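Colleague: I would like to learn how to read a model like this one. Please take me through it feature by feature.

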Amino acid sequence: MQIAVFSTKPYDRRFLEAASAGSGHRLVYFEAKLSVETCDLAAGADAVCTFVNDDVSGGVLASLSAKGIKLIVLRSAGFNNVDLAAAKVLDITVARVPAYSPHAVAEHTLALILALNRKTHRAYNRVREGNFALEGLLGFDLAGKTVGVVGTGKIGGVVCKILVGFGCKVIAYDLQPNPACLDIGVTYVAIDELFSSSDIITLHCPLTPVTHHLINEAALTRMKRAVMLINTSRGAVVDTHAVLKGLKEGVIGNLGLDVYEEEADLFFEDLSGRFIDDDVFARLLTFPNVLITGHQAFFTKEALTNIAETTIANVTSFEKTGSAMHEVSVEKIAR
Ligand code: NAD
């Protein structure tokens, strides 16, 4: 099949070329994000391959359908950017990579927690400038602290396991408790109790209408003062304006983000020669107790290999059987 691959960087290309060798598929790469403006690039293709910040809304799907596209393969687990109802109406199959490396994201989550706590990001700069003073670098022992994990699926489950290894008391909130978490002593509590008891809160639920702005002004009022908040799930699970206010008032003591509500205009690009045209994001960068990475939690060799291999396997399966291996549809998410 001919696959129009959007939002590609050189690393995507390297891993996809390796995974598709001998598959018979022809991959055509575009740096551009998929959008109403760019979907004409897919003309002549049978399938379209997208990433987290591509626009796979109803209008874009209608335009792709008119070009004969029958398959969208997402190089991600999350599918919040896809209008699945429109895909169903247009008879477009949507497939994703449900699990490529929960360890990659879980380990990055711990990297944010550890760096923020021990202020490694600040210590790095100090030492390079010959400043060996410790004032301002005081952390706390993670052992014995209560960590609240929201969403204990594949990634949250690994996060729980690592935190238990650190000697933390792990409490969790999920609609469906994970037996593997219960086995290692994780206690499931109501969301309000998680908010009020946690020293650290880390988010691993998908972005849905229910989790949109789960962390808002009301939620912050229920949290311990100086709580550490970590988000490696999807940006809009957190209301950034509320969090900014929480940082100014000291309600949030540390903030670690790998995702951001308005990241589509910023992340994955080198904007170092320009100014940041997002005042909220720019303000966040002024806090010494905020550590932001640009949606890199997934970015390990193992994850990119799995993403590429599963993406190609989805296409091959669709070509041979009419169904992709890991389809996501309105019916499947309703179950
Ligand atoms: P998963 O489906 O295995 O787990 C998600 C868990 O969240 C499930 O246990 C589910 O029951 C729970 N959940 C759903 N709705 C909830 C709600 N309203 N409240 C509490 N819990 C709820 O998914 P996963 O593979 O663990 O990934 C989790 C999320 O991480 C993805 O949806 C994606 O948005 C994000 N992610 C981020 C990166 C990154 O690079 N930063 C990479 C991969 C995934």
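This is a predicted model: local features need pLDDT of at least 70, side-chain atom pairs count only at pLDDT 80 or more; totals for chains, interfaces and linings use all residues.

Modeller: Residues are numbered from 1 along each chain as its sequence is written, and side-chain values use heavy atoms, with hydrogens and water left out.

Colleague: How do I read a sheet, and in what order do the strands of the open sheet run?

Modeller: Strands of a sheet pair through backbone hydrogen bonds, either parallel or antiparallel. Strands (E, at least two residues) and helices (H or I, at least four) are DSSP runs, numbered from the N terminus. Two strands pair if DSSP finds at least two bridges between them. Here 7 strands form an open sheet, ordered β8-β7-β6-β9-β10-β11-β12, with parallel pairing. β8 (187-188) and β12 (290-292) are at the edges; each has a single partner strand, so one side of each lacks a neighbour in the sheet.

Colleague: What packs on that sheet?

Modeller: Helix α4 (residues 102-118) does, touching β9 (200-203), β10, β11 and β12. Contact means heavy atoms within 4.5 Å. The direction of α4 makes about 150° with that of β10. Axes are lines fitted to C-alpha atoms, for helices over the stretch in contact; angles run from 0 to 180 degrees between N-to-C directions. β10 (residues 227-231) and β11 (residues 252-257) pair in the parallel sense over 5 bridges. N231 stands opposite L257 in β11.

Colleague: Which strands pair with β3?

Modeller: β1 (residues 2-5) pairs with β3 in the parallel sense over 3 bridges. β3 also pairs with β4 (residues 71-74), again parallel, over 4 bridges. V48 of β3 is the bridge partner of A4, and I72 in β4 is the bridge partner of V48.

Colleague: Are the residues on the two faces of β3 buried or exposed?

Modeller: Buried means under 20% relative accessible area, exposed over 50%, partly exposed in between (1.4 Å probe, protein chains only). Both faces of β3 (residues 47-50) are covered: A47 and C49 on one side, V48 and T50 on the other, are all buried.

Colleague: How do I read aromatic pairs?

Modeller: A pair of aromatic rings is described by the distance of the centres and the angle of the planes. Rings of Phe, Tyr and Trp (its six-membered ring) pair if their centres lie within 6.5 Å; planes under 30 degrees apart count as stacked, over 60 as edge-to-face and the rest as tilted. The structure holds 7 such pairs. Y11 and F299 are edge-to-face, 4.7 Å centre to centre, with 70° between the planes. Y11 lies in helix α1 (residues 10-20) and F299 in the loop between β12 and α12 (301-321), 288 residues apart. F298 and F299 are also edge-to-face, at 5.7 Å and 70°. Ring pairs link Y11, F51, F268, F298 and F299 into a cluster.

Colleague: Why does F298 count as buried?

Modeller: Because its relative accessibility is 5%. F299, at 40%, counts as partly exposed.

Colleague: How many residues surround the ligand?

Modeller: 23, each with a heavy atom within 4 Å of the ligand. The closest are Y100, K154, I155, D174 and T232. For polar contacts, look for N or O atom pairs within 3.5 Å; within protein, one must be able to donate a hydrogen and the other to accept it, and residues adjacent in sequence count only if both atoms are side-chain atoms. A ligand oxygen is 2.6 Å from a side-chain N or O atom of D174. A ligand oxygen is 2.9 Å from a side-chain N or O atom of K154. A ligand nitrogen is 3.0 Å from a polar backbone atom of T232.

Colleague: Where does L142 lie?

Modeller: In the loop between α5 (120-128) and β6 (146-150). L142 is buried, at 7%.
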